[in-house]
Number of protein chains: 2
Amino acid sequence: MRKIRRHSEVPEATIHRLPRYLEKLKLLQAVGVEDVSSRQLAESLDIKASQLRHDFHYFGGFSRPGRPYQVGKLVPALEKIIGVSEPQPVAIIGAGHLGQALANYGNLDVQGFPVRGVFDANPRLVGLEISGQPVRDMDQLEDVIAREGIRIAILTVPAQHAQAVTERLVTCGIVGIVNFAPTDLKVPKTVAVRNERLVVGLMALSFKVKCILEGDCGAE
Amino acid sequence: MRKIRRHSEVPEATIHRLPRYLEKLKLLQAVGVEDVSSRQLAESLDIKASQLRHDFHYFGGFSRPGRPYQVGKLVPALEKIIGVSEPQPVAIIGAGHLGQALANYGNLDVQGFPVRGVFDANPRLVGLEISGQPVRDMDQLEDVIAREGIRIAILTVPAQHAQAVTERLVTCGIVGIVNFAPTDLKVPKTVAVRNERLVVGLMALSFKVKCILEGDCGAE
DNA sequence: GACGACCTGTCAACCGGTTGACACGTGATT
DNA sequence: AATCACGTGTCAACCGGTTGACAGGTCGTC
């Protein structure tokens, strides 16, 4: 039942697994499964059971010893840990193709990240309606973020504007940024950034593809 | 000058840094920089110089000892290693909002991944033109992939169809898949998959945001 | 031509994350 | 009540990746 104080001690790798645990557990819950053992859950996620238990151990007290985990308790516990026990509103900055695609992506709402503001500097896009939401002019950025209590922003502006926009976001209280621009953002330590760089991913994949084709991967 | 045979020995972490090296080097090249030391390059990428040299060491022979790296030689060398010294055509499966956004994303072409086929099962989308390319019906999938020699596919179909489509892709010779569907794909070992799970990223970010807001991150 | 500034290649120590092992708790069965 | 199958919490060994240190090469300068 002991809770760890400083979440900063949780390894990065574990943090990235938490969402996957939650995802799978919600799926199980939807099917009506009540109990799940570390082995079952781990196997379905293709990781080792010991690792899963180790991960949970950082937070402690998910189950009574000797008994499997209870899906019904684990889901809200994980949601609380991750910070999505209440909806976490997000803003999308940049209503180009990608921004629009994300605004339309219903899964965000469902998973606890309702889009509460879409912004663009281009007057042609401003006023456009996407999934029932207007694209707003950038000069409303600060107002809307404050009013809606938004903490997380998704950045889909061109690379050359990314840093400037980021600074505005930081000033008006944004704490987390998902960056789709192919640039590294400079932010204070009190702001978390996650880079989603498609091209980097593609290239890493390309490297592996080359390995596979040349036959110097795996047992040769 | 010694070349390592089995690229599979290159650590995952290094593979993911290679594209970033290339990206930055291209930028330098565009500005006319000819030489760059490991320290300069590493600092601009916010990593340690020793790590960069260590990474390059896997491939060897990028520079004459005692002299800094030559941008003009490094760029093609890295392109060759990553597998983008020649354009690597890709297909996009699923022409929904995300698929369209990616098809429109000019950066892919520029970086060596020209989109050579966009497919969708929805008759309403088939025939639509995106960036000068028609959305094709799924029944043309095999033909086009074979004709264009496509090795990498980007999967942007709904989760429930992802596995079925994947199997078709594998059968017709696709070796790398970028998966945007929130599902784990089952593929043979000879196929590389990279999952781009937006919601997982958002949740990891949300966790950190919560840490920051609660003040239990960093030096407290 | 000797010196010093600067560079890379290389290796060994270090560190964080992963994994296997096991102690201990629970409930069903005999 | 004893036993067995199955479960979690916990820890120590292990392993891969990161980091610092240094040997050895190159160039410009005095």
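Helices (H or I, at least four residues) and strands (E, at least two) are DSSP runs, numbered from the N terminus. This is a predicted model, in which local features need pLDDT of at least 70 and side-chain atom pairs count only at pLDDT 80 or more, while totals for chains, interfaces and linings use all residues. Residues are numbered from 1 along each chain as its sequence is written, chains are lettered from A and ligands numbered from 1 in the order in which they are written, and side-chain values use heavy atoms, with hydrogens and water left out.

**DNA strand C**

Helix 3 of chain A gives the largest share of the surface near DNA strand C, 4 residues. Near means that a heavy atom of the residue lies within 4 Å of the strand. In total, 23 residues surround DNA strand C. The closest are P11(A), R17(A), S38(B), H57(B) and Y69(B). By class, 6 are nonpolar, 9 polar and 8 charged. Here Ala, Val, Leu, Ile, Met, Phe, Trp, Tyr, Cys and Pro count as nonpolar, Asp, Glu, Lys and Arg as charged, and the others, Gly among them, as polar.

Sugar or phosphate supplies 75% of the atoms of DNA strand C within 4 Å of the protein; bases supply the rest.

| Residue | Protein atom | Atom of DNA strand C | Distance |
|---|---|---|---|
| H57(B) | side-chain N or O | phosphate oxygen | 2.4 Å |
| Y69(B) | side-chain N or O | phosphate oxygen | 2.9 Å |
| G66(A) | polar backbone atom | base nitrogen | 3.4 Å |

Helix 1 (12-31) and helix 3 (49-57) of chain A, together with helix 3 (49-57) of chain B, each give two or more residues to this surface.

**Chain B against chain A**

The contact (heavy atoms within 4.5 Å) takes 67 residues from chain B and 66 residues from chain A. The chains bury about 5,900 Å² between them, 70% of it on carbon and sulfur atoms. Buried area is the accessible area (1.4 Å probe) that two parts lose on being put together, summed over both. L198(B), M203(B) and F207(B) supply 12% of the area that chain B buries against chain A, more than any other three residues.

Six salt bridges cross the interface. Each needs a side-chain nitrogen of Lys or Arg within 4 Å of a carboxyl oxygen of Asp or Glu. K208(A) and E12(B) form a salt bridge at 2.6 Å, N to O.

Helix 9 of chain B gives the most to the side of chain B that touches chain A, with 16 residues. That side holds 38 nonpolar, 14 polar and 15 charged residues.

Definitions and conventions
A polar contact is a pair of N or O atoms within 3.5 Å; within protein, one must be able to donate a hydrogen and the other to accept it, and residues adjacent in sequence count only if both atoms are side-chain atoms.
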